[in-house]
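Biologist: Please take a close look at one part of this model for me. Which aromatic rings pair up, and what surrounds them?

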Amino acid sequence: MHTSTKLNLSVADLAQLILEWLRARGDVTYAGLHVTDEGGGSLRKLVAVGQPDQASVTEMPLRFGDQSVGRLDIRPAADDLSCVCAAADQLAWLLAQSTHSTWPRTIMQRILPVTEEELSRIVLDIHDGPVQYLFAALSQLALLQTHLRCSDPYCPVDDVTRQTLTNIGALLENSLREIKHFLGTFRPPEFHRRDLLSIVEGLVIQHEEWTGDTVTLEIGEVPTDVALPVKIALYRILQEALSNAHRHAGVPNQEVRLWSEGEWICLTVDDHGRGFEPPPLEGPLATEREEHIGLRGMRDRVSLVGGTFHLESRPGAGTRILVKVPHHG
């Protein structure tokens, strides 16, 4: 992890433009931007416009999440400071993005548990809302069909109506089945209570039951005190890798291996299917195409916990995904 807090000149230029814009609008007569050095300690001035008058300078701390990233000093020239506040938010984001490599990694890792909590809430909302409505609709439809079968024989229901009701019932049942499958896929396991081994084994069993595929699972020695963000990242990466293999490889078998090397946990997922030409995932040519969202997601989750992600594939030669992450994150 890099420890330098040096900012690119382009960041300073952007900050300068924002401050100049505030002064040109007449919101301030002076504005100075200070950046927080590593460790959240001292401040150093990055850019300034105008001449300060210490007696009338207002200090605005800049925070991104729960981290202090700098301070904006201004000498107001207007009563309405809404644009100044908006600019301060943009400056905080700018400083955060330019110095994110110096943050404690736990800040970025916090994204993973929060995402899982949000996912749990969404799953629960869907289960308690649309799923219950669909179930109620199916029940009402079944009652209606029963009533029609017992209706006056002198006023029979035509075959078209009966078939239409049957089709509606089938559509509702299929919709309910697919939604329940979706909920089962995205319902997070008990990451806090279960160890990594149990989580991986459970996911493999679930994948085999739902797809009919066979997964060969090989597990070496793995630490029991794996950090929560690491467990979440490995679970979601393995889930995506197995899903991709099932949908695209054209073979009903996958191989998963999990082991540790010193402070690192290693995960490989292999298939011997049709393979493909992998898109670039790093650098200026890194893919942003919609069909590669799963690959980007795996790459980004690994990055959040300070690991490495490698994808190996070529047409006709299968696919291998190799992930290495520090077990403490």
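Modeller: The structure holds one aromatic pair. Rings of Phe, Tyr and Trp (its six-membered ring) pair if their centres lie within 6.5 Å; planes under 30 degrees apart count as stacked, over 60 as edge-to-face and the rest as tilted. Here the rings belong to Phe 191 and Tyr 235, with centres 5.3 Å apart and planes at 80°, so this pair is edge-to-face.

A word on the numbers. This is a predicted model, where local features need pLDDT of at least 70, side-chain atom pairs count only at pLDDT 80 or more, and totals for chains, interfaces and linings use all residues. Residues are numbered from 1 along each chain as its sequence is written, and side-chain values use heavy atoms, leaving out hydrogens and water.

The pair links distant parts of the chain, 44 residues apart. Phe 191 sits in the loop between α5 (159-186) and α6 (196-211), while Tyr 235 is in helix α7. Helices are DSSP runs (H or I, at least four residues), numbered from the N terminus. Both Phe 191 and Tyr 235 are buried. Buried means under 20% relative accessible area, with a 1.4 Å probe and protein chains only.

Now follow α7 itself. This helix covers residues 228-249. Of its 22 residues, 16 are buried. The expected span is 1.5 Å times one less than the number of residues. Just after α7, Gly 250 takes a positive phi of about 80°.

Notes:
Helix = DSSP H or I, 4+ residues; strand = E, 2+ residues; numbered from the N terminus. Buried < 20%, exposed > 50% of the residue type's maximum accessible area, 1.4 Å probe, protein only.
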